[in-house]
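Trainee: I am new to this structure and would be grateful for a close look at a single part of it. May we take the aromatic rings?

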Amino acid sequence: GQLKYPKNFFNERSQGMAMIQFTVGVDGKVKDVEVLRSSGDYRLDAEVVRVVSMSPDWIPGTVDGVVRDIYFNFPVIFTKNKKKTEML
């Protein structure tokens, strides 16, 4: 899915960052998406969770050749350039 910024987000601040965590299950589905560190805007945090939750299936991870649930943590950084708004 595509990220939808909260109305007036860039009038209020120039950028934001959220740290998220999620699991890719043995079936490749994304589950248990949560915000570990807030962007400071609950609307943006909820939007990040929505978009990541809707991501297409992943290739399941393996540990020692056995397919397992794999946990991911990563930052989502939001910024605006002169031409357009982006999610990096």
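Trainee: Does Trp58 count as buried, partly exposed or exposed, and at what relative accessibility? Please describe its surroundings as well.

Mentor: In this predicted model, Trp58 counts as partly exposed, because its relative accessibility is 35%, between the limits of 20% and 50%. The structure holds 4 aromatic pairs. In one of them, the rings of Phe22 and Phe74 have centres 5.6 Å apart and planes at 90°, so this pair is edge-to-face. Phe22 belongs to strand S1 and Phe74 to strand S5, so their contact ties together parts 52 residues apart in sequence. Phe22 is buried, at 1% relative accessibility, whereas Phe74 is partly exposed, at 30%.

Trp58 itself pairs with Phe72: the ring centres lie 5.2 Å apart and the planes meet at 45°, so the pair is tilted. Here too distant parts of the chain are linked, since Trp58 sits in the loop between H2 and strand S3 (61-63), Phe72 sits in strand S5, and the two are 14 residues apart. Phe72 is partly exposed as well, with 29% relative accessibility. Through ring pairs, Trp58 joins Phe22, Phe72 and Phe74 in a cluster.

The largest nonpolar core has 10 residues, including Phe22, Ile20, Leu44 and Phe78. Strand S1 (15-24), strand S2 (30-37), helix H2 (42-53) and strand S5 (70-80) each give two or more residues to this core. In soluble globular proteins, nonpolar side chains tend to be buried together.

Notes:
Residues are numbered from 1 along each chain as its sequence is written. This is a predicted model: local features need pLDDT of at least 70, side-chain atom pairs count only at pLDDT 80 or more; totals for chains, interfaces and linings use all residues. Side-chain values use heavy atoms; hydrogens and water are left out. A nonpolar core is a set of buried Ala, Val, Leu, Ile, Met, Phe, Trp, Tyr and Cys residues joined through side-chain atoms within 4.5 Å. Buried means under 20% relative accessible area, exposed over 50%, partly exposed in between (1.4 Å probe, protein chains only). Helices (H or I, at least four residues) and strands (E, at least two) are DSSP runs, numbered from the N terminus. Rings of Phe, Tyr and Trp (its six-membered ring) pair if their centres lie within 6.5 Å; planes under 30 degrees apart count as stacked, over 60 as edge-to-face and the rest as tilted.
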